[in-house]
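User: I have just opened this one and would like a walk through it. Could we take it step by step?

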Amino acid sequence: MTIDSAATSLQVDRNGYESDLKKHWDDKQSDDINLLLGETDGLFHHHYAVGDFNRKILSAPAEEREALVLKEMHRLESEQVRLITDLLDGLSPSARVMDAGSGRGGTSFVVHDRFGCRVDGVNFCEHHIAFAEELAARRGCGDKVAFHYANMAVTPFADETFDAVYCNETTMYVDLFEAFAEFARLLKPGGRFVLVTWCQNDAVTLTSPEIEAIDEHYVCHIHTRGTYLRALAANGLIPSRVDDLTADAVPYWELRLNSELKTGVEPYFLDAYRNNHLNYLVIASEKAVAE
Ligand code: GPP
Ligand code: MG
């Protein structure tokens, strides 16, 4: 585990909420819905997906169906990472990128494989870090992809360290104003911040039983769409693109509902996307140059 010398003085869980959250992830160690999916290619994801699936697999014979469903879920989750890599296009192999909330490393490895750049994953879950470090060694990229035990809102890195920072469905765990201030500090001027998230559609509602159920399931706080845009602006992160992919986020959950590994959260995502209480957003932004 990489613990920068400065990081030892930085507390990872700073309050009751962060301790509860850390415990949630520390305890989540036999999650087959994630662990079984990555066995073929060593990419283990902790995010969802957009785009349709091959619906023919649902009429496959019962004994073949589950394997086909899991394979298709993994294909969709892996392809989802392109939402981020396409917006990082042009990064050079000498670039340095931070993965804020790196989970078991899935997105970090895909970003490194595409650009050859250095990726620093930040995560507050030690078993995820150990898992991802072992994968990095196995993939032969341990010198370029590192995982750090730290809170993404208070990292050990120096100002203007990174050419790009991204969050792949992780910002529902942090105060956006605090985390985006940290990312703005870490980015070089003109550096990119790319974010994929699910958020409450505050143009429609501020209360949603489905969103409350999702928050409870993952110990998270789903922010509103407005809060994302206000927190970016407040921190000099200028959006260049905001894509609403809500309709495209539905099929992943329809597919997952067909798996024996479904966890119970599926109907809440399906209902919340379908009634437009929840949005699936991709936001690209750049750090303003100083005045
Ligand atoms: C759940 O993914 C992911 C989040 C709630 C966002 C936080 C992501 C991190 C990397 C910490 P999952 O794949 O673990 O959920 P599930 O087990 O339901 O598939
Ligand atoms: Mg998952």
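User: How far is an oxygen atom of ligand 1 from an N or O atom in the side chain of K28?
Analyst: Bearing in mind that this is a predicted model, an oxygen atom of ligand 1 lies 2.8 Å from an N or O atom in the K28 side chain.

User: And what is the distance for the side chain of H46?
Analyst: For H46, a side-chain N or O atom is 2.7 Å from an oxygen atom of ligand 1, and for the side chain of Y48 the corresponding distance is 3.5 Å.

User: How much of the accessible area of ligand 1 does the protein cover?
Analyst: Taken on its own, ligand 1 has 520 Å² of accessible area, and the protein covers 97% of that. As for its location, ligand 1 sits in the largest pocket.

User: Which residues are closest to it, and what classes surround ligand 1?
Analyst: Ligand 1 is surrounded by 16 residues, of which K28, H46, E169, Y218 and R256 are the closest. Sorted by class, that shell holds 6 nonpolar, 7 polar and 3 charged residues.

User: Switching to the whole chain, how many helices and strands are there?
Analyst: The protein chain has 11 helices and 7 strands. Its radius of gyration is 18 Å, close to the 19 Å that the globule rule gives for 291 residues, so the chain is as compact as a globular protein of that length.

Terms used
Residues are numbered from 1 along each chain as its sequence is written. Chains are lettered from A and ligands numbered from 1 in the order in which they are written. This is a predicted model: local features need pLDDT of at least 70, side-chain atom pairs count only at pLDDT 80 or more; totals for chains, interfaces and linings use all residues. Side-chain values use heavy atoms; hydrogens and water are left out. A residue is near a molecule or strand if one of its heavy atoms lies within 4 Å of it. A polar contact is a pair of N or O atoms within 3.5 Å; within protein, one must be able to donate a hydrogen and the other to accept it, and residues adjacent in sequence count only if both atoms are side-chain atoms. Accessible areas come from the Shrake-Rupley method with a 1.4 Å probe; for residues, only the protein chains shown count as cover. On a 1 Å grid over the protein atoms alone, a cavity is a set of points where a 1.4 Å probe fits but cannot get out, and a pocket is an open set with protein on both sides within 12 Å along at least five of seven lines; lining residues have an atom within 4 Å of a point. A molecule sits in a cavity or pocket if more than half of its atoms lie within 2 Å of its grid points. Ala, Val, Leu, Ile, Met, Phe, Trp, Tyr, Cys and Pro count as nonpolar, Asp, Glu, Lys and Arg as charged, and the others, Gly among them, as polar. Helices (H or I, at least four residues) and strands (E, at least two) are DSSP runs, numbered from the N terminus. The radius of gyration is taken over C-alpha atoms; the globule rule is 2.2 Å times the number of residues to the power 0.38.
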